[in-house]
Amino acid sequence: MESSASWVLWAALSAVFAALTAIFAKIGIEGVDADLATLIRTFIILLVLAAFIAATGKWSNPLALSGRTWTFLGLSALATGASWVCYFRALQLGEASKVAPIDKLSVVLVALFAVAFLGERPAPKDWAGIALVAAGVLLLALRR
């Protein structure tokens, strides 16, 4: 079992890879339709994850999963796909240094949705950090 603090490492690595995603995507979509680029990226992710699951022996029968699990994983997949399509379109039209931070408004939305749908209750210091993220997004979104 992983230590309870290991989520911090994984979250930090996620941030690093998300940052690299923006840079690599911005370079990669030059002269390519954003939707086609998203499809190519999705195909590569599918291949890499399939290889990873096979190599680590983590495969299990997906048909054994509950209907609830399938429903919410399906909804998550649809939301991810919509996010990627919008993100790549934004990267094609705007500067990566502006698109990526605005995309991180998701941090604020996750907190609000977690309260509304998951019953989570962030501490006051957490709300202060969330507010700072929101303020940063607003600063970046303002026209010069």
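Me: How does H5 pass H6, in a left-handed or a right-handed crossing?
Reply: H5 goes past H6 in a left-handed crossing. Bear in mind that this is a predicted model.

Me: At what angle do the axes cross, and within what distance do they come?
Reply: Roughly 140°, with the axes of H5 (residues 105–118) and H6 (residues 124–141) coming within 8 Å. Angles over 145 count as roughly antiparallel, and H5 and H6 are therefore oblique to each other.

Me: Which residues meet there?
Reply: From H5 you have Leu-105, Val-107, Val-108, Ala-111, Leu-112 and Val-115, and from H6 they meet Trp-127, Ile-130, Val-133, Ala-134 and Val-137. That contact is made of eleven nonpolar residues, with no polar and no charged ones.

Me: Switching topic, what makes up the largest nonpolar core?
Reply: Eleven residues, including Ala-22, Ile-29, Tyr-87, Phe-88, Leu-91 and Val-99. Helices H1 (6–28), H2 (34–56), H3 (67–93) and H4 (96–103) are the elements that each give two or more residues to this core.

Me: And what is Ile-29 in contact with, leaving aside its neighbours within four places in sequence?
Reply: Ala-37, Phe-88, Leu-91 and Gln-92.

Me: OK, zooming out: how many helices and strands does the protein have?
Reply: Six helices and zero strands, so the elements run α-α-α-α-α-α from the N terminus on.

Me: What share of the protein is buried?
Reply: Buried residues are 13% of the 144.

Me: And how many of the contacts between residues at least 6 apart join residues at least 24 apart?
Reply: 68% of them.

Technical notes. Residues are numbered from 1 along each chain as its sequence is written. This is a predicted model: local features need pLDDT of at least 70, side-chain atom pairs count only at pLDDT 80 or more; totals for chains, interfaces and linings use all residues. Side-chain values use heavy atoms; hydrogens and water are left out. Axes are lines fitted to C-alpha atoms, for helices over the stretch in contact, and angles run from 0 to 180 degrees between N-to-C directions. Helices (H or I, at least four residues) and strands (E, at least two) are DSSP runs, numbered from the N terminus. Angles under 35 degrees count as roughly parallel, over 145 as roughly antiparallel, 65 to 115 as roughly perpendicular and the rest as oblique. A crossing is left-handed if the near helix is turned anticlockwise from the far one by less than a right angle, and right-handed if clockwise. Contact means heavy atoms within 4.5 Å. Ala, Val, Leu, Ile, Met, Phe, Trp, Tyr, Cys and Pro count as nonpolar, Asp, Glu, Lys and Arg as charged, and the others, Gly among them, as polar. A nonpolar core is a set of buried Ala, Val, Leu, Ile, Met, Phe, Trp, Tyr and Cys residues joined through side-chain atoms within 4.5 Å. Buried means under 20% relative accessible area, exposed over 50%, partly exposed in between (1.4 Å probe, protein chains only).
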